[in-house]
Amino acid sequence: MSTPSRTVEPRAAAGVRTITFAQAVNEALAEEMRRDPAVFILGEDVAEAGTPFKVLSGLVDEFGPERVRDTPISEAGFAGLAVGAAMTGMRPVVDLMFGDFLTLVMDQLVNQAAKTHYMSGGKLKVPMVLRTTLGATRRSAAQHSQSLHAWVSHVPGLKVALPATPYDAKGLMKAAIRDDNPVVIVEDKLSFQDKGPVPEGEIVIPLGQADVKREGTDITFIATSSMVVVALRAAETLAAQGLSAEVVDPRSMVPLDTATLVESAKKTGRVVVIDEGHQSYGVSAELAAVVADGAFYHLDAPVKRLGAMDVPVPFSPVLEDLTVPTPEQLTALAREMCGARS
Amino acid sequence: MTPTDGLTREHGHELLLDMLRIRRMEERCAELYQKTKIRGFLHLYIGEEAVAVGAMRALTPDDAVVATYREHGHALIRGVSAEKIMAEMYGKQEGCSRGRGGSMHLYDAPTRFYGGNAIVGGGIPLAVGMALADKMQGRERVSACFFGDGAAAEGEFHESMNLAALWHLPVLFCCENNLYGMGTGIERAQSETRLALRAASYRMSAWDVDGMDVLAVEEATRRAAEAVRSGGGPHFLEFRTYRFRAHSMFDPELYRSKEEVAAWKERDPIELFRQRLRDAELLTDDEDAGLEALASDEVERAVAFAEAGTWEPVEDLERFVLSEPAPQREVAS
């Protein structure tokens, strides 16, 4: 399957503003809430407090406390309410402050939301979005730093999106809200203040379209979420050293644009998958397997992975920073892999 | 016992017939299970029929119903046809869930029957969410949620009670307290065994009801449902009932004595009500036989329908994982 209509990140141009990731998410939610009265937000501190990450600032002023609904600290409860409300005509957006709290809503996501459409023989739908976060290096310790997107990606019946830029954050959120399936959107906590170009007006990025963030010829970095910027930095360094790296962002784990990943792997012959989930049994393994399977006869080196270390995230800054892949590690690995060719 | 004063012959016959419809259908299910026509789990409601029959009468077609894995009776009385239920238990595509759900996952959109949930307590927040949707959309509907005493030990029970009461949502909690969560007695599972009292601590109206008395169930549910519908917030009914059969089909019942089961069978809701109708001269032998025949005929039609049903084509296995229709594949209406 080719992807001729791929939605590509815009370059700076007339009508293209530079806004933060948080503003992009905020705009997406506001636009969809204006467009469809069935859309509402519920979660902890989403209204009066505007969320700890300030992503939702101002929404309650426009849409009121019914549609921007503060909940008690009751994750399983409000996630379950969202499933029920979605089954009967609403389009809830659940705000789950930290991805670590996925542990608390897994029954409602895995046993209820993901299975209702299938188990009802296609008669019922659960059009809900759960937005949550990933990412370490905020000195938040082991229970507020995990990147657990592999858990939800493993469950048939859920879609999973991982925006890495303001543009993608807006376009994927709007697509997720309009989707008739339960969609989990995982945002990198550290990227909320990052800025990027976002055109005025409507942006909807269909789930299942990868984006080539940088073109290259010697090696492919398949990078997700927080690791896209790491891959771009490594590519920059490598360019100065005469190596051309391509950076491909799948943007959604489910559905997965396997064609674009495989196409890039065939072109460069070398692939590193980089993802902030724990490396063992994570999405990096799945992405690596897709590439190995689809591009085997075009590969000049084994597909490599870089993930977070298999340790609980330590509080100690000196230790914490070692657990997440860095541009330096990726650069070194890429040089080693490309060196093997000469 | 609720007096039969004012009970019409027609109303009495409907209640008795509905209880018989569940009983006869499930007795047949047990036979079909022995013949391996029905496989997997099969949780029979026998003994508890008065609850579903009485409670459903207080609901309107616009209301929503969420139930548990012991939900054959609820589905039937809500209006899902016996044919579709039986075909579903067979796993045939003519079943109400296309054969995808089975005994524990009966779904039916037209009657607003939202399962059939095999996670204990898992359906409770769904019902509260449906009530939230109704409140937000200004619809005067009730979301009725059936669950067992076992669910009251789950965290989702607590979170749902709190949210429903906090937000004053139009949900009717129908707790079917049959005294056992699987094979563990309630006194070994709940620190406070008076579950209505527990519910009242969330500041919602709650009371217990004799779940073996179909008239008491109907009256209590009508009162509670009307209160919910008129903006009174969530209500909680604890129906004291008893299941006569095993938890599922394989259960040595080591956790309760034969004497205890026999004592509860003395209060069989069907026999109790039948006798009361006779005492009030509202039921003749011929009428009774006629009701039995109606129930039996319905079951036999359902079995014939399920037997004649077809398996879903294997190429449809991956349909409905996600809601988009698969490309180039026609979607049946």
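This is a predicted model: local features need pLDDT of at least 70, side-chain atom pairs count only at pLDDT 80 or more; totals for chains, interfaces and linings use all residues.
Residues are numbered from 1 along each chain as written, chains are lettered from A and ligands numbered from 1 in the order written, and side-chain values use heavy atoms, without hydrogens or water.

Back to that crossing. Helix α4 of chain B covers residues 82–90 and helix α11 of chain B covers residues 285–308 (helices are DSSP runs of H or I, at least four residues, and strands of E, at least two, numbered from the N terminus). Their axes lie 8 Å apart at an angle of about 45 degrees (lines fitted to C-alpha atoms over the stretch in contact, with angles from 0 to 180 degrees between N-to-C directions). That angle makes α4(B) oblique to α11(B) (under 35 degrees is roughly parallel, over 145 roughly antiparallel, 65 to 115 roughly perpendicular, the rest oblique). On the α4(B) side, the contact (heavy atoms within 4.5 Å) is made by Ala82(B), Glu83(B), Lys84(B), Met86(B), Ala87(B) and Tyr90(B). The partners from α11(B) include Arg301(B), Ala302(B), Val303(B) and Phe305(B).

Now move to chain A. Here helix α3 (residues 75–87) packs with helix α4 (residues 102–119) at about 15 degrees, their axes 7 Å apart, so α3(A) is roughly parallel to α4(A). The crossing of α3(A) past α4(A) is right-handed. Among the residues in contact are Ala76(A), Ala79(A), Gly80(A) and Val83(A) of α3(A), together with Leu104(A), Val105(A), Gln108(A) and Ala113(A) of α4(A).

Next, look at α1(A) and helix α6 (residues 166–178) of chain A, whose axes are 8 Å apart at an angle of about 25 degrees; α1(A) is therefore roughly parallel to α6(A). This crossing, too, is right-handed. Contacts from α1(A) include Phe21(A), Ala24(A), Val25(A) and Ala28(A), and those from α6(A) include Pro166(A), Ala169(A), Lys170(A) and Met173(A).

Phe21(A) leads us on to the aromatic rings. Over all chains there are 13 aromatic pairs (ring centres of Phe, Tyr or the six-membered ring of Trp within 6.5 Å; planes under 30 degrees apart are stacked, over 60 edge-to-face, the rest tilted). One of them joins Phe21(A) and Phe192(A) edge-to-face, at 5.8 Å centre to centre and 75 degrees between the planes. The two residues are 171 apart: Phe21(A) belongs to helix α1 (residues 21–35), while Phe192(A) sits in the loop between β7 (183–188) and β8 (195–199). Both Phe21(A) and Phe192(A) are buried (under 20% relative accessible area with a 1.4 Å probe, protein chains only; exposed is over 50%, partly exposed in between). Together with Phe53(A), Phe98(A) and Phe101(A), they form one aromatic cluster.

Phe173(B) lies in strand β5 (residues 171–177) and Phe236(B) in strand β9 (residues 235–240), a separation of 63 residues. Phe173(B) is buried because its relative accessibility is 0%, and Phe236(B) counts as buried at 0% as well.

Finally, return to chain A for Leu232(A) in helix α7 (residues 226–240). With 29% relative accessibility, Leu232(A) is partly exposed. Beyond its neighbours within four places in sequence, Leu232(A) is in contact with Lys213(A), Arg214(A) and Val247(A).

Terms used
A crossing is left-handed if the near helix is turned anticlockwise from the far one by less than a right angle, and right-handed if clockwise.
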